[in-house]
Amino acid sequence: MDLSKIFLKGACPTKMGGQAVMEGIMMKGEQKTALAVRLPSGDIRVKTEPTKQPSKWMKIPIIRGVVAFVSSLVTGTKTLMDSAEILEEWDDEEYEESKFEAWLERKFGSKGAWNLMIYTSVVIAIAFTVGIFIILPTGVVNLLKLVTDSIFWLNFAEGVFRILLFVLYVWAISFMGEIKRVFQFHGAEHKTIHCFENGLELMPENCRQFPTLHPRCGTSFLMFVFIIAFALHFLLGWPNLFLRIVSRLLLLPVIAGLSYELLRWAGRSDNMVVKILSLPGLYLQKITTKEPDDKQLEVAIAAINAVLEDGPTGEKLIKKEELGAHGRPEDRLMERAEGDLIFHAKRPLGKRRFL
């Protein structure tokens, strides 16, 4: 892995971050959050809203990691459901509301039912994650007590099994058609942020030359969680199964908090220690990101532009005719080389606004 192409010299890191969704990308800045979705017609639907300002808890180290983790789960679930709803509106097939959905709307109202579904989805996701990746590994590895009583090897086996289980799970779902497209949009998000942070005009031909891996990706946060859990669990010894499960659950907020602080530090630095610590997450990104096409890059560009634009929030439709042709030789008025990358832009960039 060539880290020089990921930790790019001269890049100006921003606080902008995103998430791949169904046929689109959510991009979040300090002032605005944008959701751009490619419609079946080829047009791009862009929805912007003010970014929720961080609470006072986000100023407290460790605790802010827990708050950010829960908030990202809620926001991520909501964004996925929003993208699905947008695509559903443009689907030719008429959607038939289930009796359960109708009952929820009568009981809680349209907005209340929507919020209930979002938070229920988050709770189910957390329960699934805890059950599969926290409780299952420590239960399975408990069988090794028939072979060894070594606290070191039992904890070591549990940590390795947990990481392998997670990697195999991500690898397996990457072959699913819809998930593969989401991973392509994930790659488009990273390429476009790289392009912006390097001061180049946001065009597919500029973006496509960057790697799909990015050091501040949330995938790296997940790997930090597993690695820190691997280390901290050694301190707890190897009590009976019940106490072991309880102790691991109680330690989750500490692990999330420490992982968040480590990710923040990694995002601000590019020294050798940071690069070494980032390697597991970067290798996992080789699974969670795929090479996007130009149409997917256009969606990522639309999302970033919507975040950067001045003016009120709301919705707009970018017609496919407005996107124009990209990469034509006659449009390339400037070319510069840097290492193995060749960048093209239609005009020199002015002063950039960093979020």
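How many salt bridges does the count come to? I looked this up before anything else, and by the rule (a side-chain nitrogen of Lys or Arg within 4 Å of a carboxyl oxygen of Asp or Glu) the count is 11 salt bridges.

**Ground rules**

I'm working with a predicted model, where local features need pLDDT of at least 70 and side-chain atom pairs count only at pLDDT 80 or more, while totals for chains, interfaces and linings use all residues. Residues are numbered from 1 along each chain as its sequence is written, and side-chain values use heavy atoms, with hydrogens and water left out.

Helices (H or I, at least four residues) and strands (E, at least two) are DSSP runs, numbered from the N terminus.

**Entry: charged pairs**

A reminder to myself: side chains of opposite charge can pair when their charged atoms come close.

I began with arginine 45 and glutamate 315, whose side chains form a salt bridge at 2.5 Å, N to O. Arginine 45 sits in strand 4 (residues 44–50) and glutamate 315 in strand 5 (residues 314–318), so this pair links distant parts of the chain, 270 residues apart. Is arginine 45 buried or exposed? I found it buried, because its relative accessibility is 13%. (Buried means under 20% relative accessible area, exposed over 50%, partly exposed in between, with a 1.4 Å probe and protein chains only.)

Next I checked glutamate 261 and arginine 64, which also form a salt bridge, with their closest N and O atoms 2.7 Å apart. Glutamate 261 belongs to helix 7 (residues 241–268) and arginine 64 to helix 1 (residues 63–89), so the pair ties together parts 197 residues apart in sequence. Both glutamate 261 and arginine 64 are buried.

Then I came to glutamate 158 and arginine 248, a salt bridge with 2.8 Å between the closest N and O atoms. Glutamate 158 is in helix 3 (residues 151–173) and arginine 248 in helix 7, so parts 90 residues apart in sequence are tied together. Glutamate 158 and arginine 248 are buried too. I also noted a network of salt bridges that links Glu158, Arg162 and Arg248.

**Entry: the sheet**

In what order do the 5 strands of the open sheet come? I read the order as 1-2-3-4-5, with antiparallel pairing. Two strands pair if DSSP finds at least two bridges between them. Strand 1 (17–21) and strand 5 are the edge strands, each pairing on one side only. Neighbouring strands are turned by 15° against each other on average, direction ignored. (Axes are lines fitted to C-alpha atoms, for helices over the stretch in contact, and angles run from 0 to 180 degrees between N-to-C directions.)

I followed strand 3 (residues 32–38) to strand 4 and found 7 bridges in the antiparallel sense. Arginine 38 stands opposite isoleucine 44 of strand 4. Strand 1 and strand 2 also run antiparallel, joined by 5 bridges. Here valine 21 has glycine 24 in strand 2 as its bridge partner.

Helix 1 lies across strand 1, strand 2 (24–28), strand 3 and strand 4, at about 40° to strand 3. Helix 4 (residues 177–197) lies across strand 1 and strand 2, at about 155° to strand 1.

Most residues other than glycine have a negative phi, and I went looking for exceptions. Glutamate 23 is not a glycine, yet its phi is positive, about 55°. I located glutamate 23 in the loop between strand 1 and strand 2. Glutamate 23 counts as partly exposed because its relative accessibility is 24%.

Isoleucine 62 is not a glycine either, and its positive phi is about 70°. Isoleucine 62 sits in the loop between strand 4 and helix 1, and counts as partly exposed because its relative accessibility is 30%.

**Entry: helix against helix**

I looked at helix 6 (residues 218–232) and helix 8 (residues 272–288), which pack at about 125° with axes 8 Å apart. Helix 6 and helix 8 are therefore oblique to each other. (Under 35 degrees is roughly parallel, over 145 roughly antiparallel, 65 to 115 roughly perpendicular and the rest oblique.)

The axes of helix 1 and helix 2 (residues 99–141) come within 9 Å and cross at roughly 125°. That makes helix 1 oblique to helix 2.

Definitions and conventions: Contact = heavy atoms within 4.5 Å.
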